[in-house]
Amino acid sequence: MLARVLSGGVSGIDGYVVRVEADVSRGLPSFSTVGLGDSAVREGRDRVASAIRNSGFKFPMERVTVNLAPADVRKEGAGFDLPIALGVLAATGQVEARALERVAVMGELALDGSTRRVRGVLPMAVAAARAGLTGIVVPPANAREASAVGRLNVLPVASLKSAVRVLAGGEPDALSEGSRSRPDPGGRPEDLSDVRGQEHAKRALEVAAAGGHNLLMVGPPGVGKTMLARRMAAILPDLTEEEALIVTTIHSVAGLLPEGGGLVAARPFRAPHHTVSAAGLIGGGSVPRPGEVSLAHKGVLFLDELPEFRRDALEALRQPVEEGRVTITRSMSTVSFPSEFALVASMNPCPCGNLGHPRVPCRCTPPVIRRYLSKVSGPLLDRIDVRVSLGTPAFEELAGGPARDDTRGARERVLAARRVQEERAQSTDLDRGGFAPVNARLHVAVLDDVVRMNPEARSVVRGAVRKLDLSARSYHKVLRVARTIADLAGAGAVAAEHVSEALQYRSDPGLSRAPGGRPRRS
Amino acid sequence: MSTRQLGELAERVAAAFLQMKGYAILATNYSFHRHEIDIIAEAQGRIVFVEVKCRSSRAYGSPREAVGREKMRRIVHAARGFLAERNLSDTSSRFDVVEVRIERGGLSLVVEHIVGAFGADGRGW
């Protein structure tokens, strides 16, 4: 007898419906799976057979053939265990086959028949809803994730036995308890005022957050670069529901959702170690999985000690930074992951960290410094609009008064500036390619329209272009940053002071100071 | 008693045991392309291919452990031959192992019947 169970697979971050067909026919007893499954799928046969027996059902002593359709797409993972088991049970009349017509089923099986969570349930649930299915049977740990789709009736099942019971119309199992949120770190959330002094850098952080600009902080060790970066996500606006859905999808595919977790609420903050490989950063694997740039989508990607990163990893960053999307081609498939993140990078001015310090001498020789700085390639640096130098704070700043709530104020200013940008984006009906409406993504075509400068500002820019030898791209970047600064100030026209501040972030501080080296073109 | 005689004795014991359980013996020592099946029986419309294993001592492990992957493959091959020869390919079938253990120094025989011991794909069932 033939039975059909619907399940799902994931390609990139898009789900698709997989039809699991189980045929039980007379002949020599055997159990085979066809349909381009990976080794986890093929090994699933032994899990399925044991789970069926240990759940008190009969595994047929017949020829069992399972087909996963469409047969030309590679299927991976253990998530087909549960649909295959139900297919075998339906084909042998141990489950009512009609109950399986309009639901999608996914889950890994343990040998005792209990279910285990699987990756990528959210995109598969989306695909199921799109295909017109009405319900989804998942392990309890995946249930909240599946409920994010809304249109599906989510049926959590803790075991094969309860799956059979639920399909016969019984009560579903309880949701697994959502993972307890992390223990509160001392009650008070991280605040910008935790970083003493560095008002200049905080301002730069605010500008970067307001306009979606990338940020580079240069300064000696211990002045607060890492602390500032960690506080960036908190001054960004909340994720919209649409954004939360896509962020959750990416994390679901990567298997990073907390046990029993639902939609991701907070903007991601990813800080990969500097030994990360190019594949780890942009994504990879024979069936490509999202890398750090995609895990940081709609959030912050923090690269601490930028020159320490592998050269090929940094070069690989160029496409995702520029396009907000990364394309990975493998022999079997080409997939594309979104990667629209705020890049925040930090570095020392030289290997010893003391270059430019007013009192402590730098012990690095010029060639050493040049080699250090040259690790960060010009093209990558060129894509960072806001660069800021951090110095060692004075004692008065360190010992400064009580902790304040700087984050709230910064966040309110950022939100206001973002609202201005949103309204402006709605009035110019340019296709933004799905990007957030931020100044950093302003198209060159509308730049002159949007960045209206007063005569004074215009003359400042004219002088800068001549004196600093700005490239066309750099010029446009300065305009975008100037727009953001004006938006933060609530100004309609861009004034000289806005342009000057933008130029200051451009003509970066520490990097051109390498002794003996040619000053970098910016 | 030689090993060969012991094997033949075990096969007779196994056949008698299966008949007691209501199986009809269709063939013994069936061979196809030099692959041999000890007993072929039929029960409830199902063809049962039986491998008989005999041990006089536990020292070499239990008899069922002596049916390895290669042995399974040979049995399955012969079974396909048998089913094709008799036009039975559409009939349900099964692979069993009957183990005959000689215990207490030859004073007692213990027969154990493992129903559905393995599948045609050479994996445990």
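Me: What makes the domains of chain A, and where do they run?
Reply: Chain A is divided into domain 1 (2–167), domain 2 (192–394 + 406–411) and domain 3 (428–506). The bounds come from an automatic or database domain assignment. This is a predicted model: local features need pLDDT of at least 70, side-chain atom pairs count only at pLDDT 80 or more, and totals for chains, interfaces and linings use all residues. Residues are numbered from 1 along each chain as its sequence is written, with chains lettered from A and ligands numbered from 1 in the order in which they are written.

Me: How many residues of domain 1 of chain A are in contact with domain 2 of chain A?
Reply: 17 residues of domain 1 of chain A touch 21 residues of domain 2 of chain A. Contact means that C-beta atoms, placed from the backbone, lie within 7 Å.

Me: Why are S11 and S18 of chain A called edge strands?
Reply: The open sheet has five strands in the order S11-S14-S17-S10-S18 (chain A), with parallel pairing. Strand S11 (269–270) and strand S18 (386–389) of chain A each have a single partner strand, so one side of each lacks a neighbour in the sheet. Strands are DSSP runs (E, at least two residues), numbered from the N terminus.

Me: How do you know that S10(A) and S18(A) pair?
Reply: Pairing needs at least two DSSP bridges between two strands. Strand S10 (residues 215–218) of chain A and S18(A) have four bridges, in the parallel sense. A:Met217 stands opposite A:Val388 in S18(A).

Me: What does each chain give to the contact between chains A and B?
Reply: Chain B gives 14 residues and chain A gives nine.

Notes. Two residues are in contact if their C-beta atoms, placed from the backbone, lie within 7 Å.
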